[in-house]
Amino acid sequence: MGPEGTWTHQASLDLFGDQVELVPFNDGLFEAYENGCVDVACVPATTSLVGTTLYLDQVLRLRSPRVIAEYPKVLSYSLMASKDASFSMITKVLGHAVALQEVAGRLDENMPNVERESRKGATSLVAKPRPR
């Protein structure tokens, strides 16, 4: 699953609750699953807006993938900025690759010239105070 606060983290809590130990992975999740280091991997394989995610190919390459649950939720996203920022000051939007795909139409319409960068943990970057 992803870091705390992500939709994958929320899905893990909703689906498994306290039945399992939740361990966030940035890299190596599929290898850990294949090697038996983790029993269950919670990953977004498809979404209603963009269809398959970049994780589906990795899931299908596993020796014996087994779907044990679905998480049919409508997801929402927020544009976060430091408290001193204004909409016109935004030059770059950071987000998880799947989230950026899901909001691409909205960004195209409202922020067509803003750079987009796929980055895990983007919300923690906004939350950190900037040196002055």
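The largest nonpolar core of this predicted model consists of 6 residues, namely Ile90, Val93, Leu100, Leu107, Met111 and Val114; such a core is a set of buried Ala, Val, Leu, Ile, Met, Phe, Trp, Tyr and Cys residues joined through side-chain atoms within 4.5 Å, where buried means under 20% relative accessible area, exposed over 50% and partly exposed in between, with a 1.4 Å probe and protein chains only. When residues up to four places away in sequence are not counted, Ile90 touches Leu79, Met111 and Val114 (contact means heavy atoms within 4.5 Å). A second, separate core of 5 residues includes Phe30, Tyr55, Val59 and Val98.

The structure also holds 3 salt bridges, each defined by a side-chain nitrogen of Lys or Arg within 4 Å of a carboxyl oxygen of Asp or Glu.

| Salt bridge | N to O distance |
|---|---|
| Glu34 and Arg63 | 3.6 Å |
| Glu117 and Lys92 | 3.0 Å |
| Arg116 and Asp108 | 2.7 Å |

Glu117 belongs to strand β4 (residues 115-118) and Lys92 to strand β3, so their pair ties together parts 25 residues apart in sequence; helices (H or I, at least four residues) and strands (E, at least two) are DSSP runs numbered from the N terminus. Lys92 is partly exposed at 37% relative accessibility. In the pair of Arg116 and Asp108, Arg116 is partly exposed at 32%, and Asp108 is likewise partly exposed, at 46%.

Residues are numbered from 1 along each chain as its sequence is written, and side-chain values use heavy atoms, leaving out hydrogens and water. Local features need pLDDT of at least 70 and side-chain atom pairs count only at pLDDT 80 or more, whereas totals for chains, interfaces and linings use all residues.
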